[in-house]
Amino acid sequence: MGMMTSKDYRESLKLLKPEIYYMGEKVENILDHPAFVPHVNAAALTYDMAIAPEFEELTSATSHLTGQKINRFTHIHHSHDDLVKKVKMLRAIGQQTGSCFQRCVGHDGLNAVYSVTYDIDQKKGTGYHKRFVKLLKEIQARDLMISGAMTDPKGDRSLPPSKQKDPDAYLHIVQRKTGGIVVRGAKAHITGAVNSHGHLVMPTTSMTADDADYAVCCYVPVDALGVIHVFGRQTNDTRKCDCMLDQGNVEYGIVGGEALIVFDNVFVPWEHVFMCGEYEFAYQLVERFATAHRQNYGGCKTGLADALIGATYLLAEAQGTGGATHIREKLVDMVHLAETLYCCSIACSCQGYALPADSYMADPLLANVTKLNVTRNVYEIARLAQDIAGGILATLPAETDWKDPRVGKYVDKYMKGAADVSTETRMRLIRLLEAMTCGTALVESMHGAGSPQAQRIMIWRQANLEHKKRLAQKLAKIGEQPFLVC
Ligand code: SF4
């Protein structure tokens with residue numbers, strides 16, 4: 001019990017037996033499988049950084065439940081300072097990994113469920129919050145990694161859960177028993193799912209009384225009977241299996257190792273059920289989770305951008321263009337774009353507020369603005385990195401050709417840039433830029449924490465446009481007595 005190290009975390013995963021499939025095969029041990037190792041490494045770093053003296057002020061916290069020192073990824077925010085520290089922590093970890101470290105989704109889920117169970121109990125006289133606090137204490141004490149399993153497959157997007165042709169398009173309750181409930185359905189794109197200890201299942205949309213069986217929130221261990229994981233493919237993922245240098249970010253990979261989680265008639269005991277039919281609270285849970293996760297994106301993505309900007313500058317130097325004025329201008333633009341995202345995340349944290357459960361959440365409008373900016377700024381940062389890198393980003397010969405006895409010497413000779421930088425260094429930087437700006441990495445910035453349209457809907461709801469109209473009416477003297485003109 002207590003805070004884990006990365007070694008403890010890996011040992012704890014060995015004790016679990018989750019059902020996982022990837023590329024047509026059942027995977028028995030993710031710790032030995034090259035497709036999974038980078039994602040485990042990234043999550044593992046969240047454990048070591050929580051106890052590292054130079055980071056622990058950001059990466060650890062004091063439990064309000066037990067007074068014990070805990071990993072911040074299991075902490076419930078109780079102040080603006082907690083919200084700001086979360087953002088700073090994500091930037092600090094992102095700088096080290098250059099990739100998603102996954103643990104934030106469950107952290108945001110814990111905070112959302114903590115506050116919403118309190119609200120349900122206040123209105124309905126249920127006992128969800130007490131149950132949830134019991135689980136939370138265990139998660140904090142054992143330093144568990146929890147996935148935030150929110151997004152349903154959704155089927156026909158024009159229809160609500162209860163009107164879908166396939167009733168399993170959204171996860172739902174199929175049976176209520178004396179000891180608990182049985183759920184069926186799936187959750188898609190779930191970050192860090194296969195290397196988590198358990199899944200925090202939450203509804204994904206607002207609901208009506210017809211959807212009551214879909215309004216379910218519960219905790220399910222990763223290896224519970226009937227839970228099946230299908231690991232997603234990524235751009236260039238076969239490189240994980242047959243090369244090192246060409247992977248770009250060998251240690252931490254690209255994005256968060258997302259998986260489809262199937263819940264095939266999974267039994268959940270009552271002690272792990274935190275919403276069971278209270279459809280009127282589904283939207284509240286979605287909004288609080290989404291706000292918390294969108295708050296993050298100017299933290300982790302800025303950390304990644306710091307590493308990307310560094311790689312871009314190094315590559316420019318390796319190619320002899322580091323001192324060119326137009327390169328410096330573009331690097332300034334990259335920094336400007338990244339720091340704008342950071343400003344957004346810090347601002348929505350500082351504008352956060354206390355909820356009835358006495359926990360804190362970020363300002364929803366500013367958090368959604370943060371994430372919507374990420375869907376643009378990260379692409380622009382990537383575009384500038386690719387502009388500076390040159391076409392070699394798309395045409396660099398393979399690591400195996402660089403090592404080939406016949407053509408290796410030619411690859412080394414003609415792929416060299418500035419005389420004082422080795423070809424290997426240039427190749428490594430090109431591959432890192434490729435990994436961080438091509439394919440999967442960008443899609444994650446667009447759709448992670450919800451697609452842009454989801455942010456637009458929340459911005460529309462939060463923007464208080466009626467107030468803005470009244471401001472204009474006042475200035476234009478609309479509806480007032482006209483001034484007397486002498
Ligand atoms: Fe955390 Fe960022 Fe990954 Fe989301 S995308 S889980 S906020 S590192």
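1. The shell around the ligand divides into 6 nonpolar, 3 polar and 2 charged residues. Here Ala, Val, Leu, Ile, Met, Phe, Trp, Tyr, Cys and Pro count as nonpolar, Asp, Glu, Lys and Arg as charged, and the others, Gly among them, as polar. The shell residues are Cys 100, Phe 101, Gln 102, Cys 104, Val 105, His 293, Asn 296, Tyr 297, Cys 300, Lys 301 and Glu 444 (a residue is near the ligand if one of its heavy atoms lies within 4 Å of it). Two elements give two or more residues to this shell: α5 (103–124) and α8. The largest share, 5 residues, comes from α8.

2. A word on the model. This is a predicted model, with residues numbered from 1 along each chain as its sequence is written. Local features need pLDDT of at least 70, side-chain atom pairs count only at pLDDT 80 or more, totals for chains, interfaces and linings use all residues, and side-chain values use heavy atoms, with hydrogens and water left out.

3. Look next at α8. Helices are DSSP runs (H or I, at least four residues), numbered from the N terminus. α8 has 37 residues and reaches 53 Å from its first C-alpha to its last. That is close to the 54 Å expected at 1.5 Å a residue (1.5 Å times one less than the number of residues). A kink of about 30° is centred on Tyr 297; the bend is the angle between axes fitted to the seven residues ending there and the seven starting there. Tyr 297 is also one of the ligand shell residues. Of the 37 residues of α8, 29 are buried, so α8 is largely enclosed by the rest of the structure (buried means under 20% relative accessible area, 1.4 Å probe, protein chains only). Just after α8, Gly 320 takes a positive phi of about 85°.

4. The whole structure holds 3 cavities of 30 Å³ or more. A cavity is a set of points, on a 1 Å grid over the protein atoms alone, where a 1.4 Å probe fits but cannot get out; lining residues have an atom within 4 Å of a point. The largest cavity has about 260 Å³ of space. Its lining has 21 residues, with Leu 304, Val 378, Met 436, Ala 441 and Ser 445 nearest the centre. α8 (282–318), α10 (364–389), α14 (423–437) and α15 (440–447) each give two or more residues to this lining. By class, the lining of the largest cavity has 14 nonpolar, 5 polar and 2 charged residues.

5. The second largest cavity has a volume of about 120 Å³. Its lining divides into 2 nonpolar, 6 polar and 6 charged residues. The largest share, 3 residues, comes from α14.

Terms used: On a 1 Å grid over the protein atoms alone, a cavity is a set of points where a 1.4 Å probe fits but cannot get out, and a pocket is an open set with protein on both sides within 12 Å along at least five of seven lines; lining residues have an atom within 4 Å of a point. Grid points are joined across faces, edges and corners, and a volume is the space filled by probe spheres set on the points. Buried means under 20% relative accessible area, exposed over 50%, partly exposed in between (1.4 Å probe, protein chains only).
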